[in-house]
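Hi there,

Here is the structure I promised to pass on to you. Have a look at it first, and then read my notes below.

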Amino acid sequence: MKLVSKFALALSFAAITAAPAFSQSDEKPKKEKKGKEATPAAPKRNYSKPFIAAYVPVANLLNKTKDAAAAKVEFPKILAAIANDDDRYEAGILAVNIGVVSKDTALQDQGIDLLLASATTPVEMKQAYTFRKGAIAYDGKRFADAEKNMMDAYNLGYRANNIEFLISNAMSQQNKDADAIVWISKAIAASKAAGAVNKAYVVRAANLSAKAKDYAGAANFYKDLVIAENNPDYWHDAIAFFNRSLNTNPEESLDLMRLMRATNGLRFQQEYAEYLDSLSYIGVRYPAEAVSVLDEGFAKGIISRNNVTFSERYNEAKARLAEDTRTLAGTIAPAKASPRAMLATLTGDSFFSHKDYKTAKDLYETALSKGAVLDKDGGNQTDRTRFRLAMSKAMLGDYAGAKADFAQITGANRKAIAEYWVMYINHLEKPAPAAAPAAAPAT
């Protein structure tokens, strides 16, 4: 990403006056015609006579003769003649204008220093010129100076030109990433206040967080993007960062990878490998889902049948699929009749993997109706069961029911994963854009 343009050239300021009207400084304002309001007189300046004598010839070189190079050569004479704040103010404006025309950023910088040092300079001009001084430093890759001056401008009240983002970049260029993240967060907040999240800022913030190995922070930044837009690329990055921030068990990892698949976010071989590991950490538990996921990966060209690991996993799952499918229907009645709630959960898991979400939903509800869902080791699997009940409802289009079940999840990891599923459901609930009206027939 290109972070900055040439600010020093792009943000040039026009002169307040090309040359002050020294000869008229003591004249009274002219009377206006009857019926018209008098034009307010400009503030009276107290220029010193030596300054006037030095200033006029140099200003004429710039504005009348159009010879900026000659004006630059003569400018030191003006500096030597400065006697007060009014002199300093006009000298500063002239220096900036000569510097802009001659593309001399050092002279512009000198002019800005004169303006900032003058009590005559209005506060709003000091804000803008302090920022500009920072922009000139940034263009010169003097990032410490850029940071200082932009911070000064910000503290004076300057808020234009994406200043928070630029301060963050200046800090990042100095490897002050923790501070850069604070300021990119301010930039994101400012863009929200202006009406829309700036996506480039969010991506930048996430990358800075990831660079600092703060994957939870990176994922939190991406939430803004996936909330705003149901974009598979955003979903991939959001879930990938989020996944790296958690220490999940295989069942939790599986339901997170299922969300990445549902959002069309699977992008890399290692993600397919993690998906398969979650599906098959105890033998080939879900051959239907394994075959389906691998077929998708092969079709997209993300994974290859020539890869030994994927081809072996595929052949193993394919060999199990026919038997798994043949015996599946006969597992429903025993699971519902058993006093062990976990049997209904495990049977529901099998139907979910076959995309029979209605039967899976019924079995999960049966399991929860029997009380706490305990596995063979006495571990409580109630959260897991309710989570997959919510997933089944989401797949069936019962979005309100799914969100109600997700809201009951209590375990820290699953509660965090549920938040992402709810963000996805919120997009599914949005009505599709209306079709464009058909064009009227030509007459």
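**Aromatic rings and a helix**

Tyrosine 424 is buried, with a relative accessible area of 11%; buried means under 20% relative accessible area, exposed over 50%, and partly exposed in between, using a 1.4 Å probe and protein chains only.

Before we go on, some notes on the source. This is a predicted model, so local features need pLDDT of at least 70 and side-chain atom pairs count only at pLDDT 80 or more, while totals for chains, interfaces and linings use all residues. Residues are numbered from 1 along each chain as its sequence is written, and side-chain values use heavy atoms, leaving out hydrogens and water.

Now to the rings. Tryptophan 421 and tyrosine 424 form an edge-to-face aromatic pair, 6.2 Å centre to centre with 75° between the planes. Rings of Phe, Tyr and Trp (its six-membered ring) pair if their centres lie within 6.5 Å; planes under 30 degrees apart count as stacked, over 60 as edge-to-face and the rest as tilted. Both tryptophan 421 and tyrosine 424 lie in helix H22, three residues apart, about one turn of the helix. Helices (H or I, at least four residues) and strands (E, at least two) are DSSP runs, numbered from the N terminus. Tryptophan 421 is buried too, at a relative accessible area of 0%.

How many aromatic pairs are there by this rule? The count comes to 14. In one of them, the rings of tryptophan 235 and tyrosine 424 have centres 6.1 Å apart and planes at 90°, so the pair is edge-to-face. This pair links distant parts of the chain, since tryptophan 235 is in helix H12 (residues 232–245) and tyrosine 424 is in helix H22 (residues 412–429), 189 residues apart. Tryptophan 235 counts as buried, at 0% relative accessibility. Ring pairs join Trp235, Phe387, Phe406, Trp421 and Tyr424 into a cluster.

One of those rings also meets a charge: arginine 414 lies over the face of phenylalanine 387, 4.7 Å from the ring centre. A charge sits over a ring if NZ of Lys or CZ of Arg is within 6 Å of the ring centre and within 35 degrees of the ring normal.

Finally, look at helix H19 (residues 357–369). Its buried residues include Tyr357, Leu363 and Tyr364. The buried residues of H19 pack against helices H17 (332–337), H18 (341–353) and H20 (382–396), where contact means heavy atoms within 4.5 Å.

Enjoy exploring!
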